[in-house]
Amino acid sequence: MTIELWHRPWALVDMRRRHRQVLAPGAVVIDANCRAPLWLYSPQQHNAFDSAAGIGEPVEGFSPTNPGRSLLHLPLPLRRSQSLAVHVAGGIVKIGWPTGPERPPSTFEPQTEEELAAHQLMLRAEAVWDRLNDVETALADPARLWQELRRRWTEKDEDIPPRMDLIVRHAITLSRTLDELDRAPRRILRRVHQQVPVSRVQELDRRAMTWLVRQPGDTLAERAGDRQRVLAVAREENFDTLENRVLRSYAELAWHVARDYLERNASRRHTSRASKVREFERRCKRLARDLADRGVRLAEPGMTPNFVLQQNPRYHAIWNAWQELRDRERVLDELWRWQARSWEEFCALAVMVALVGVPGARLISSAPVSFLDEQRRGSWIAHDNPLAVFHLPQQRIVVEVRYRMANPTARLRDFAAPIWIRIGRVGDAEAFLENVAVWPVWDISGGAVDDEAEEVAQILPLGRLAGALVLRPAIFGGSAVSREATKVLTATIGTEGTALSDGVAAVTRFLSSLITAEAG
């Protein structure tokens, strides 16, 4: 059985086989300069995966051409030590990425360039999640979903408040609670034996009396010696209780979650939500350090709450908030593993936002869209197909957007594009025969790839395609860039600010030019 590792989704139609690697038994090491996610291709149904490493996600619409073949998205491992085991003819292949990024712990401060790169990649995954959550906000008025989404993505960031994240809710509801617990954390008095001045002795137990009678002298003053101290029972304050360990663990985690939120929304730092989170970050940071100075350790994950955590209103609120942030960490684990699929979904929304901005385009039909309560391997949006239909009356053109089609036409399946734009002429019997492929290509480092537009232009005639789009992430903190070849645009898109609006604008201009060309 021949199994291949792909580095581009169009690898099957690339006659030069630049992005296909036949797997043989042994170890496969992913190159440090890999500029795309990974796909696993088999001409036959193939499900022999190591369950510990994760199972691939089928690419929708690829298999119907040949029900026996399969193409799977591969997840990004959380740790470099993790590998994917695949059964091939003659043995097992272990696919590893020893130079790939590791999922950074949320309470970790990046120190090296490598750690900073992983931190930035996590911020990008969270920012994509934020943009997908904009759909949930825009769905307040389903009839204007795409117009509202375009407004949120293309207007100046400072005009729109950042997402109402979990940490924002905590900042609103828990700030006073943290201040009160910081001023007076719960403590216990522990009985200890210490050398105490005679004038301050309050209690002697058997051990103290035994010590005292063994000292030389006849009177108490003589037995107390030159320092006039005796061994006695003392009460010592101890803050290292289970509830305070949970409090410190929450403060540490909330501090870093708030920091990430502010980094992702740096351009909206003057909004009231950002101000609340900034103040909450300072509170949590101060509280975590105060508790550490008092000798409070961190709570162990999976511990059972005690009576105070269950019954004390303040500590119970902190316990619930800590559980919410820990649940969020599990969501981020999945988001990290499947960020290539989240990027794909983000790009589908970007195409819709771009088409809304095409001059003269009128949205005449839109599929029902819903935001899921839980992600499905990086995917948060549920929808029907076609996703939307636009009419351009002046050009007498109809544009249809389809995303993750279950059964595309035989001519298009081999291209493995998750997004298709279909262009037809009103009143033309041959309408809807012009197709534009859209390939979202996630990339660790972000940025454009040299000669990629020319490479894609070479494969368009194989499917008689009217054009193609390749959408990559912008470099972290960088601007959107675009490159064109014949009927092909490769563009980078940011997740906020001008990198987002400029990237969408480039896609709008490209689609406008294609539509104008089709209108003749």
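Figure 1. The protein exposes about 23900 Å², by the Shrake-Rupley method with a 1.4 Å probe; for residues, only the protein chains shown count as cover. Carbon and sulfur atoms supply 48% of this area. This is a predicted model: local features need pLDDT of at least 70, side-chain atom pairs count only at pLDDT 80 or more, and totals for chains, interfaces and linings use all residues. Residues are numbered from 1 along each chain as its sequence is written, and side-chain values use heavy atoms, with hydrogens and water left out. There are 71 positive and 67 negative charges, and their mean positions are 3 Å apart. Lys and Arg count as positive, Asp and Glu as negative; His and the chain ends are not counted. Each charge is placed at NZ of Lys, CZ of Arg, CG of Asp or CD of Glu.

**Figure 2. The overall fold.** The protein has 13 helices and 20 strands. These are DSSP runs, numbered from the N terminus: helices are H or I with at least four residues, strands are E with at least two. The radius of gyration, taken over C-alpha atoms, is 30 Å, well over the 24 Å that the globule rule gives for 520 residues, so the protein is more spread out than a compact globule. That rule is 2.2 Å times the number of residues to the power 0.38. The C-alpha trace spans about 120 × 60 × 35 Å along its principal axes. Of the 520 residues, 52% count as buried. Buried means under 20% relative accessible area, exposed over 50%, and partly exposed in between (1.4 Å probe, protein chains only).

**Figure 3. The W129 and W380 pair.** W129 and W380 are stacked, 5.5 Å centre to centre with 20° between the planes. W129 lies in helix α1 (residues 113-138) and W380 in strand β13 (residues 379-383), so the pair ties together parts 251 residues apart in sequence. Both residues are buried. Rings of Phe, Tyr and Trp (its six-membered ring) pair if their centres lie within 6.5 Å; planes under 30 degrees apart count as stacked, over 60 as edge-to-face and the rest as tilted.

**Figure 4. The W343 and F346 pair.** The ring centres of W343 and F346 are 5.0 Å apart and their planes at 35°, so this pair is tilted. Both lie in helix α10 (residues 339-356), three residues apart, about one turn of the helix. W343 and F346 are both buried.

**Figure 5. P142 in a loop.** P142 sits in the loop between α1 and α2 (145-154). At 57% relative accessibility, P142 counts as exposed.
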